[in-house]
Amino acid sequence: MAEQGFITARVFSTDAQLPIEGANVTISQPSQNGTQLLASRLTDRNGNISPIAVDTPDRSESLQAGTPAPFTLVDITVDYPGYERILVENAQVFSGIVTQQNLVLIPLQERPQAWNLTEIFQVSAQNL
């Protein structure tokens with residue numbers, strides 16, 4: 001892994017897309033030995049976090065058939081009091097690209113039975 005890509009997130013509430021300031025966004029990378037924490041950030045007043053650098057495979061390695069996937073997989077977790085927790089599994093980060101993940105938090109008042117649940121989204125690998 002000789003190159004880097006970047007991941008950022010935008011956190012907002014439901015259909016109104018109102019930014020959520022102070023949400024905790026955690027970026028981790030699954031590995032054979034468990035999970036490696038890459039970064040943890042709080043969202044700004046616009047609901048954004050600054051880009052986080054992620055080691056990625058060299059782009060040139062993906063130009064031929066039969067080579068490994070040209071991206072690195074990361075998981076994104078978002079926590080904010082009064083809202084349902086979100087976990088996005090297998091978000092893809094490509095070399096030289098800023099990947100932005102939009103994360104819609106649902107207020108617990110809309111689903112009070114979900115106070116201790118995590119909504120999980122799994123991203124399927126792209127057919128490259």
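View 1. Y80 is partly exposed, with 27% relative accessible area, where buried means under 20% relative accessible area, exposed over 50% and partly exposed in between (1.4 Å probe, protein chains only). The structure is a predicted model, in which local features need pLDDT of at least 70 and side-chain atom pairs count only at pLDDT 80 or more, while totals for chains, interfaces and linings use all residues. Residues are numbered from 1 along each chain as its sequence is written, and side-chain values use heavy atoms, with hydrogens and water left out.

View 2. Helices (H or I, at least four residues) and strands (E, at least two) are DSSP runs, numbered from the N terminus. Two strands pair if DSSP finds at least two bridges between them. Strand β6 (residues 71-79) runs antiparallel to β7, and seven bridges link the two. F71 has F94 of β7 as its bridge partner. Five residues separate the strands of this hairpin, and G82 in the turn has a positive phi of about 85°. Strand β7 (residues 85-94) is mostly covered, with seven of its 10 residues buried.

View 3. Side chains of opposite charge can pair when their charged atoms come close. A salt bridge is defined here as a side-chain nitrogen of Lys or Arg within 4 Å of a carboxyl oxygen of Asp or Glu. The model contains one salt bridge by this rule. It connects the side chains of D79 and R85, at 2.4 Å from N to O. D79 is partly exposed, with a relative accessible area of 26%, and R85 is also partly exposed, at 37%.

View 4. Q17, a residue other than glycine, has a positive phi near 50°. Q17 is located in the loop between β1 (3-13) and β2 (18-19), and its relative accessible area of 42% makes it partly exposed. N90 is not a glycine either, yet its phi is positive at about 70°. N90 belongs to strand β7 and is partly exposed at 26% relative accessibility.
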